[in-house]
Amino acid sequence: MSVAAYCIFCYRQIGTSGPATKTHLPWNDIRKIAKVTGSLILGGFVFITYEVLSLKKLLQIDTQAIHQEKLKSYVYVRTTSLNPSDYQGITYQARKEIHKAVRKILETEAKIFRRPFNEQFSTFDGEDHECALWLLLKRSQSEDKEVRLQAVQDLANNSHWHDYQYGTVAQTCDQRTAIGLARSKDIDLRFFLRPPPLPKIKSDYPIEDELRLLLVSLPQTGLDPCVQYFTSLALRESSQTLAAQRGGLWCFGGNGLPYCETLSKIPSETVELFCLQALVQHSKVSSHCDKIEAKGGLQLLQRIYQQRKDSAKIQRNIIRIIGNMALDERLHSSIVRAGWVSVLAEVMKSPHIIQSSHASRALANLDRDTVKEKYPDGVYVLHPQYRSSQPIRADILFVHGLLGAAFKTWRQQDIDRHLDKKASEGEEDYSQCWPKTWLASDCPALRIISVEYDTHLSDWKAKCPVEAHRKSIAYRSNELLDKLRAAGIGDRPLVWVSHSMGGLLVKKMLVDASKNPEMDKIVNNTRGIVFYSVPHHGSQLAEYSINARYLLFPSVEVKELSKDSPALKELNDDFLSFAKDKKFSVLSFAETLPTHIGSMIKLHVVPLESAKLGIGDLIPVDVNHLNICKPKKKDAFLYQRTLKFIQDVLAQELGD
């Protein structure tokens with residue numbers, strides 16, 4: 001209409017700008033012009049309106065569909081409000097424009113003064129919580145270690161996000177961030193991608209066959225005798241099962257004595273355990289780890305792990321293998337790609353201390369951002385198992401004895417419900433490992449480590465019967481010292497806690513370390529030693545075993561405990577000579593009750609006179625040999641006296 005008015009105005013101007021003699025245009029002509037112009041304007045207006053409406057319809061987005069897509073964990077979708085009015089307000093538009101303007105000003109300022117641009121003003125133009133997510137992801141990949149660690153901690157602290165946001169982090173974060181999140185306490189498992197799907201295998205192709213092929217592909221010559229023993233045992237048992245499953249007869253050991261399938265069949269779980277035990281030994285050899293990875297061993301172990309969720313022993317052996325392979329940093333990417341980080345993060349939440357400690361060791365070996373030490377096979381960190389801002393002031397090292405283990409030796413004393421009804425009422429507070437629960441809470445600034453090695457009363461039950469010298473105290477001392485130095489033992493003030501034969505091993509390690517300049521730190525940083533019923537002068541168990549040798553076939557470690565043994569006397573003299581010079585603080589506990597060994601033997605394993613070292617305090621306790629290191633409860637004398645000793649010798653490091 002404005003165009004029509006303009007045309008009429010122009011005609012009037014023309015009409016008035018002529019000579020004095022006025023010539024008027026006929027009204028018919030004006031009406032014709034108006035009709036043509038009006039039609040054009042009206043048609044154009046209708047056409048433009050139609051195009052705008054069509055375009056709007058084409059560009060209209062179904063926000064409910066977006067909402068549904070956001071629920072899918074595998075799709076990245078920026079969060080959007082489902083209320084369209086949120087994007088039409090003056091406040092929203094003003095904030096958006098101010099954000100852009102401020103960012104341009106700061107960018108210009110940074111260029112002029114040649115300063116780094118503040119990352120808080122990201123190019124991502126989204127909502128505040130979305131900006132925070134992407135900013136944290138960007139910071140988690142920063143070259144600055146402090147910025148990187150803080151970003152991972154901030155990510156781990158988010159517990160209010162939607163599924164798609166956790167999925168975004170899982171798909172976007174790098175390997176280092178994923179490992180850091182897995183080592184964060186109370187982490188949400190939605191931060192981790194599930195293990196990748198594995199290729200299907202033939203239904204008639206048993207999993208133990210794959211394990212057997214993997215073992216066969218590993219080097220078989222020039223091996224450690226124990227590795228050879230476990231490998232041959234696994235291959236023999238798996239071959240037996242294979243022959244039985246295929247309905248054939250098997251000649252045991254090649255001696256021509258066939259037996260029927262019904263007599264030869266072994267449960268597949270048992271065969272898998274044999275093979276996994278062999279793989280544990282191979283995984284201690286760095287070059288063999290490369291072969292395991294190259295042959296698809298990580299994926300095969302993942303398949304077995306997922307299929308054997310009902311077998312804690314199988315899963316524990318698998319995680320042990322992963323922990324050994326993680327000692328080699330070159331394999332970290334392969335381990336992460338095979339989906340092991342999410343598995344380990346889940347196992348860390350297990351209520352079973354043995355399972356969670358194996359996972360903790362594997363993740364600590366993967367975490368090169370905050371852990372400088374490496375934890376070889378048999379060395380377990382009980383505390384701290386997660387990343388922590390709490391500085392570590394000192395180390396406590398637990399060494400078990402005969403028939404002991406890194407965890408079960410240090411459990412709370414078992415409760416007899418019939419004899420102690422009050423104690424059984426508090427059974428929910430039972431500690432599977434008091435150093436991890438009680439000591440860690442009383443002394444959070446300590447790093448608490450427990451070591452494990454195989455011991456046996458009789459060679460009948462030896463796991464590796466070849467090379468008996470491996471079981472000697474001297475051999476184990478050298479082997480453990482190397483592992484402990486790799487774990488950083490000696491870099492901080494140190495207190496040893498030992499039970500039974502473990503105390504002899506501690507003395508031997510300290511004597512050997514005092515003669516080796518490379519191990520000198522371990523001796524110089526030792527502040528104190530706790531001995532629980534340590535047979536410094538021999539044990540009656542050894543005497544009984546030797547007298548009944550045709551029944552028990554005593555092992556090397558038992559023979560070394562003979563009463564008044566020259567080797568024990570020499571070890572004790574060597575230890576005392578430099579322990580007095582170093583002024584070690586020593587606390588010894590002695591048992592006063594006999595111990596039941598089996599159903600027929602009742603024996604006072606370490607008499608009071610044998611538990612007497614010659615230095616430090618000796619405290620007799622009315623318990624047997626097995627319970628001397630297992631306090632009944634947290635306020636029991638055994639634990640409280642041990643705690644006081646640790647706090648006294650480390651008073652300078654622990655402060656108040």
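Reply: Axes are lines fitted to C-alpha atoms, for helices over the stretch in contact, and angles run from 0 to 180 degrees between N-to-C directions. The model discussed here is predicted.

Me: How are the axes of α9 and α12 oriented: roughly parallel, roughly antiparallel, roughly perpendicular or oblique?

Reply: Helix α9 spans residues 207-217 and helix α12 spans residues 268-282; their axes lie 10 Å apart, at an angle of about 25°. Angles under 35 degrees count as roughly parallel. Therefore α9 and α12 are roughly parallel.

Me: Is the crossing of α9 and α12 left-handed or right-handed, and how many nonpolar residues does the contact have?

Reply: The crossing is left-handed. From α9, Ile207, Glu208, Leu211, Leu214 and Leu215 meet residues of α12, including Val271, Cys275, Leu276 and Leu279. By class, the contact of α9 with α12 has two charged residues, two polar ones and, as the number asked for, nine nonpolar.

Me: Is Ala406 buried or exposed?

Reply: Ala406 is found in the loop between β4 (394-399) and α19 (421-425). Its relative accessibility is 0%, and the cut-off for a buried residue is under 20%. Ala406 therefore counts as buried.

Me: What distance separates the C-alpha atoms of Ala406 and Val451?

Reply: Leaving aside neighbours within four places in sequence, Ala406 is in contact with Tyr380, His400, Ser450, Val451 and Glu452. Val451 is 45 residues from Ala406 along the chain, and the separation of their C-alpha atoms is 5.4 Å.

Technical notes. Residues numbered from 1 in each chain as written. Predicted model: local features only at pLDDT ≥ 70, side-chain atom pairs only at ≥ 80, totals over all residues. Heavy atoms only, no water. Helix = DSSP H or I, 4+ residues; strand = E, 2+ residues; numbered from the N terminus. Buried < 20%, exposed > 50% of the residue type's maximum accessible area, 1.4 Å probe, protein only. Contact = heavy atoms within 4.5 Å. Parallel < 35°, antiparallel > 145°, perpendicular 65-115°, else oblique. Left-handed = near helix turned anticlockwise from the far one by under 90°. Nonpolar A, V, L, I, M, F, W, Y, C, P; charged D, E, K, R; others polar.
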